[in-house]
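These are my notebook entries on a structure that I am reading for the first time. I set down in turn what I looked up and what I found.

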Amino acid sequence: AVASLLVNHGLCAWLFRRELAAARLSTADAALPQAIPSQPPAARIRNASTLLVLAATVVAYLAGADLAFTAVAAFTGLLIVHRADPRVFWGRIDWSVLLFFGGLFVVVEAFVRSGAAGALLDRFPVFVGAGGGGALDWARTSLVFLIGSNIVSNVPFILVVRDEVTRMPNPTLAWELLAVASTFAGNLTLLGSVANIIVAERAHHLGGLPFFKHLRIGLPLALITTALGTAWLLFVHGVAS
């Protein structure tokens with residue numbers, strides 16, 4: 001994840017080098033900004049409490065706590081720390097995106113239960129290899145995960161291939177590859193992750209995020225990071241070529 005984050009920053013810095021250079025020049029020509037006043041003690045305490053709540057949430061997740069109740073508890077804790085009016089936050093929820101995401105799961109689950117997904121995977125299996133499979137076989141499987149996640153979005157895609165994954169020669173490696181590839185697949189296209197759609201809609205007032213402009217960055221980023229993640233997992237599991 002850290003290595004892929006470095007790739008992400010390096011790629012964005014290179015692809016947007018002209019825009020960044022122009023921004024630096026305009027900033028240098030502008031008047032120096034006024035000194036930022038120091039935060040009052042109450043604000044510093046709230047900021048520290050926010051970080052503490054987030055850290056506690058991560059620890060609870062790793063300890064196996066229920067995801068939904070942990071998230072609600074953390075949200076409630078933040079409301080108390082910041083003494084915020086809950087009605088303000090309810091108004092910020094994008095219900096259309098939630099409806100889209102929920103509907104996507106319904107459609108994909110119906111696709112799986114209809115038997116169409118199974119028939120498709122029987123004809124075009126996710127994993128093709130003899131025995132335990134070599135590095136090239138698993139790399140091909142990772143690529144299938146990457147492409148499939150951009151057809152129905154990465155999270156619903158797991159519903160489509162979950163049964164297929166359990167039948168692979170090394171289910172542990174298969175699940176880990178699916179986790180890595182489907183996560184990085186969210187960077188490939190705007191449709192690869194619902195998070196991309198949320199960002200694109202939020203950026204609408206700035207001109208939006210066109211599909212091909214995102215693809216210009218997402219395609220090389222997804223390919224490089226997925227290759228890194230796949231190579232790392234194959235090394236950890238000792239899979240030879």
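**Entry 1**

I began with Leu 143, which has its place in helix α8. Helices (H or I, at least four residues) and strands (E, at least two) are taken as DSSP runs and numbered from the N terminus. The model is a predicted one, in which local features need pLDDT of at least 70 and side-chain atom pairs count only at pLDDT 80 or more, while totals for chains, interfaces and linings use all residues. Residues are numbered from 1 along each chain as its sequence is written, and side-chain values use heavy atoms, with hydrogens and water left out.

I found Leu 143 partly exposed, at a relative accessible area of 42%. On this scale buried means under 20% relative accessible area, exposed means over 50%, and partly exposed lies in between (1.4 Å probe, protein chains only).

Which residues form a nonpolar patch on the surface with Leu 143? I noted Ile 147, Ile 151, Leu 219 and Leu 223, and together the five have about 470 Å² of accessible area. A patch is made of residues with over 30% relative accessible area and no salt bridge, where like charges are joined within 9 Å and nonpolar side chains (Val, Leu, Ile, Met, Phe, Trp, Tyr) within 5 Å. Accessible areas come from the Shrake-Rupley method with a 1.4 Å probe, and for residues only the protein chains shown count as cover. Both α8 and α12 supply at least two residues of this patch, and α8 gives the most, with three.

**Entry 2: the chain as a whole**

I then turned to the overall fold. The chain has twelve helices and zero strands. Its C-alpha trace spans about 65 × 45 × 35 Å along the principal axes. Of its 241 residues, 30% count as buried. The accessible surface comes to about 15600 Å², and 71% of this belongs to carbon and sulfur atoms.

I also looked up contacts, meaning heavy atoms within 4.5 Å. Among those with a separation of 6 or more, 70% join residues 24 or more positions apart.

**Entry 3: salt bridges**

How many salt bridges does a search of the whole structure find? I recorded five, a salt bridge being a side-chain nitrogen of Lys or Arg within 4 Å of a carboxyl oxygen of Asp or Glu. Side chains of opposite charge can pair when their charged atoms come close.

Arg 162 pairs with Glu 109, their closest N and O atoms lying 3.5 Å apart. Arg 162 is in helix α9 and Glu 109 in helix α6, so this pair ties together parts that are 53 residues apart in sequence. Arg 162 is partly exposed, with a relative accessible area of 29%.

Asp 137 is buried at 17% relative accessible area, whereas Arg 140 is partly exposed at 37%.

Glu 164 and Arg 167 form another salt bridge, with 3.0 Å between the closest N and O atoms. Here Glu 164 is buried, with a relative accessible area of 11%, and Arg 167 counts as exposed at 57%.

**Entry 4: two serines**

Ser 153 sits in the loop between α8 and α9. Its phi is near 80 degrees, a positive value in a residue other than glycine. Most residues other than glycine have a negative phi. Ser 153 counts as buried, at 4% relative accessibility.

Ser 4 belongs to helix α1 (residues 2-15) and is buried at 7% relative accessibility. Its neighbours within four places in sequence aside, Ser 4 is in contact with Phe 184 and Thr 225.

**Entry 5: helix α11**

Which residues of helix α11 (residues 194-202) are buried? I listed Val 194, Asn 196, Ile 197 and Ala 200. They lie on the same side of α11, because they cover an arc of only 150 degrees around the axis, the arc being that of the directions from the helix axis to the C-beta atoms. Their cover includes α6 (95-113) and α12 (211-236).

Finally, at the start of α11, I found a side-chain oxygen of Ser 193 within 3.2 Å of the backbone nitrogen of Ala 195.

Technical notes: A polar contact is a pair of N or O atoms within 3.5 Å; within protein, one must be able to donate a hydrogen and the other to accept it, and residues adjacent in sequence count only if both atoms are side-chain atoms.
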